[in-house]
Amino acid sequence: GCSLATFSISTASRRALWIMAGVTLLFSALLVGTTSALLERQFLRPMRRLLGGVERIGEGDLNYRIGLAPKGEIGQVAAAFDGMAARLQDRERQVATQTVALVDSEARYRAIVEDQTELICRYLPSGEITFVNEAYCRYFGVRREELLGHSYMPLIPEEDRERVAAHAAALDAQNPLATIEHQVLLKDGSIRWQQWTDRAILDERHRIIEFAGVGRDVTERKRVEEALQKAK
């Protein structure tokens, strides 16, 4: 009788242990599943979304928004990237607007310059021409391509070149504007007189980077002056 009772208790104990083990395993599985789901929802999924959003924004898609609630560190980082993308997008719109306005302004400026009857040019301290308007080309009877990138000195007779060079060298930050009259050589070999008003263009350190000049023909006036001198 005692052995039977002991066997029954032993069997019951083993059954209880198996049940406890099963319950423990089930609880552990549920705990792992719940933890995995919570980890997936609270961390892994937001992290993947954050990384994907950062990649898209980094590739230049400034319209994209990660859209995570600003809760926790991941949400705050995502909100920071969204804010950065929005600011960059606004800045991009401003730059585009300014660029369009600048192009439009430059187009109007060029139209005005090209319509002038005065000769307009820009040149470097070395004498290399960087811009001429159509009136300048017509006057000298040459194409713009023949002038740009070349010195203006061959257009001036040798006897006036030293004086013209000294005129440009005298311009500086304190005296950026000056006027000079000198002779010029035309394509057909004839010589005429021009009056030029030149301005030094300075950079932020007040160094001369270019000159801008406006010229006009004064040949008839010079001839009249010469005739009056002879008459005297």
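This is a predicted model: local features need pLDDT of at least 70, side-chain atom pairs count only at pLDDT 80 or more; totals for chains, interfaces and linings use all residues.
I looked for disulfides first (pairs of cysteine sulfur atoms within 2.5 Å), and the whole structure has zero. Residues are numbered from 1 along each chain as its sequence is written, and side-chain values use heavy atoms, with hydrogens and water left out.

Cys121 comes out buried at 6%, and Cys137 is buried at 4%.

Then I went to Glu210, which sits in strand S5, residues 208-217 (strands are DSSP runs of E, at least two residues, numbered from the N terminus). Glu210 is buried too, at 13% relative accessibility. What does its side chain reach? I looked for polar contacts (N or O atoms within 3.5 Å; within protein, one must be able to donate a hydrogen and the other to accept it, and residues adjacent in sequence count only if both atoms are side-chain atoms). The Glu210 side chain makes one with the side chain of Arg122 at 2.8 Å, and another with the side chain of Thr130 at 2.5 Å.Leaving out residues up to four places away in sequence, I also found Glu210 touching others, including Tyr123, Leu124 and Pro125 (contact means heavy atoms within 4.5 Å).

Notes:
Buried means under 20% relative accessible area, exposed over 50%, partly exposed in between (1.4 Å probe, protein chains only). Helices (H or I, at least four residues) and strands (E, at least two) are DSSP runs, numbered from the N terminus.
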